[in-house]
Amino acid sequence: MPDVPSSNLRTGGQIIVDCLRLHGVNTVFCVPGESYLATLDAFYDVQEEIKLVVCRQEGGVSNMAEAWGKMTGKPGIGFVTRGPGATNASIGIHTAQQDSTPLILFIGQIARDMSEREAFQEVDYRRMFGEMTKWVAQIENAARIPEMISRAFHVATSGRPGPVVLALPEDMQTERAVADAGRSCRATQAYPGNSDMEVFRKMLADARKPLVLAGGGGWTQKACNDLTTFAEANTLPVATAFRRQDLIDNRHPCFAGVVGLGINPKLKNRLDDTDLLIVLGTQLGEIVSGGYTYFTFPKPKQTMVHIAAGVDEIDKVYQADLGINAGMVEFCAAATDLPPVDTPWSGETKAAHEDYVAFSTPAEMPGNVNYSEIIGWLSDNLPEDAIITNGAGNYTVWVHRFFRYKQYGTQLAPQSGAMGYGVPSGVAAGIRHPDRVVVSFNGDGCFQMNGLEIGTAVQYGTKTIFIVVNNGMYGTIRMHQETHYPKRKSGTDLYNPDFAALARSYGAIGETVTTTSDFADVFERCCAANGPSLIELVIEPDAVLPTNTLSAIQKNALGG
């Protein structure tokens with residue numbers, strides 16, 4: 001008898017798209033390429049189910065996908081072409097790795113019969129991405145697509161979340177196969193054991209100056225609610241790690257501030273003096289450890305409990321007195337079930353929050369635009385669910401210090417310190433949450449690394465408000481330059497466009513603010529716009545930090 005065609009026989013591209021639908025994907029970021037035309041064609045048939053967001057550069061793709069992963073807790077999905085497309089996209093992969101963000105990047109690849117010949121744009125992605133992903137593979141057989149994609153979703157979301165890269169040979173995508181997609185992915189997390197929780201409670205009961213340091217990935221609204229409940233029950237001071245400030249309402253009396261760049265000296269003293277440091281999800285890397293100077297090696301003087309979703313994170317750098325391998329949702333739920341302990345430290349918790357409030361109150365600064373007052377005004381006037389995004393640079397120190405985050409899921413910022421993140425994350429947030437206010441902060445140098453994605457914002461009608469902090473230089477590097485090589489400025493000046501005019505050329509609203517008093521009216525006009533807008537803040541170059549100026553740094557370096 002002749003073979004009967006299977007109704008399940010499809011191209012590799014169709015199987016890929018069907019698998020994405022099965023796993024709940026509704027938005028994909030891409031820059032098109034000939035290396036995955038068959039998959040692009042398959043997206044045509046599911047336009048009502050999957051929104052394909054076409055970006056301007058692959059760095060925008062991976063940054064938007066990373067921001068999507070942060071917002072949803074599910075893998076952000078990106079598609080890029082081989083070679084140059086993949087290398088451009090690597091920045092977002094690195095951010096996803098350091099920020100513990102679930103992300104899956106699909107890369108179109110050369111045909112299978114051309115490998116190992118230095119074919120056009122050929123790259124071995126296993127070697128290229130091996131050190132910055134949780135898993136990287138190439139799908140050689142169309143029939144195995146469901147298996148590989150299911151594994152990618154599981155790896156990206158289980159344990160410590162992170163990025164996965166899958167290469168898609170061009171001819172594999174046109175190959176026809178019968179493939180059962182199976183069921184949608186379910187992430188796996190470890191639960192804390194009862195014995196560990198008993199030891200943890202005893203350590204807490206014996207403490208006199210405890211401090212929680214919350215951060216890392218894998219958080220949800222429920223986990224944050226449970227963290228707050230646990231902190232309230234035990235009057236615990238809670239500090240957050242660098243760029244994880246939205247894990248607890250910053251107005252809460254238990255909130256003690258941020259352990260990161262520009263740390264409040266009083267919080268640093270508390271970190272030194274604590275007799276029980278509860279590291280909750282945070283990776284103890286360079287930024288939160290002050291360049292590995294805040295804690296002694298190999299065993300910190302502080303009694304330390306380290307709770308981590310990835311077992312490899314425990315004792316990775318510092319030896320903990322108690323290590324608990326657990327997801328944030330799982331641990332925080334278990335912590336709320338613990339009977340509260342006596343809290344002789346309640347006065348210290350109150351003082352810690354008062355110190356945070358004083359530290360986050362806007363201060364004077366040089367120039368006609370007081371950036372700290374603008375941040376303070378936004379903190380006081382934005383809706384509580386407004387989303388704040390930023391890239392990297394000294395301009396972010398003001399945002400982290402003077403903006404008080406009120407809800408989980410309102411901060412999108414790269415722990416990796418990657419410039420160029422502010423614009424694409426602002427676009428992704430605007431697409432994901434069209435009814436919420438989204439404010440994207442960017443330095444003048446930072447903006448120009450991915451500022452072309454403002455065109456993506458216009459194309460998809462987001463209402464993102466992009467703020468460009470313009471001081472005419474790479475401010476962070478200039479600050480370090482004056483510290484170590486005073487009066488030897490080299491390679492840090494920027495010749496900038498008229499940013500407001502640039503925004504208008506894309507079809508967005510463009511405004512320029514040269515005095516603090518003008519900002520509120522300009523911002524309100526932008527909020528009322530039916531599309532994206534950009535506000536350029538002209539900042540005095542001397543105002544390089546909230547606590548210091550370039551001229552003072554230079555004078556001090558010269559011994560003045």
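1. Let me start with Ser 100, which is buried, with a relative accessible area of 3%. Since the cut-off for buried is under 20%, that value puts Ser 100 in the buried class. Bear in mind throughout that this is a predicted model.

2. The backbone at Ser 100 deserves a look too: phi is near 55°, a positive value in a residue other than glycine. Most residues other than glycine have a negative phi. As for where to find Ser 100, go to the loop between helix H4 (84-99) and strand E5 (103-109).

3. Look for Thr 235 in the loop between helix H9 (221-234) and strand E10 (238-241). Is Thr 235 buried or partly exposed? Its relative accessibility is 23%, so Thr 235 counts as partly exposed; the buried class takes values under 20%.

4. On to the peptide bonds. Most of them are trans in general, but Phe 297 and Pro 298 are joined by a cis peptide bond, with omega about -15°. Pro 298 sits in the loop between strand E12 (276-280) and E13.

5. Val 317 belongs to the loop between strand E13 (304-308) and strand E14 (322-325). At 30% relative accessibility, Val 317 counts as partly exposed.

6. Now the helix packing. At what angle do the axes of helix H1 and helix H2 cross? The answer is roughly 50°, and the axes come within 8 Å; H1 covers residues 12-22 and H2 covers residues 37-44. That angle makes H1 oblique to H2. As for handedness, the crossing of H1 past H2 is right-handed.

7. The other pair to check is H9 with helix H11 (residues 328-336), whose axes also come within 8 Å and cross at roughly 30°. H9 is therefore roughly parallel to H11, as angles under 35 degrees count as roughly parallel. Here the crossing is left-handed, with H9 passing H11.

Key: Residues numbered from 1 in each chain as written. Predicted model: local features only at pLDDT ≥ 70, side-chain atom pairs only at ≥ 80, totals over all residues. Heavy atoms only, no water. Helix = DSSP H or I, 4+ residues; strand = E, 2+ residues; numbered from the N terminus. Buried < 20%, exposed > 50% of the residue type's maximum accessible area, 1.4 Å probe, protein only. Axes fitted to C-alpha atoms, helices over the stretch in contact; angles between N-to-C directions. Parallel < 35°, antiparallel > 145°, perpendicular 65-115°, else oblique. Left-handed = near helix turned anticlockwise from the far one by under 90°.
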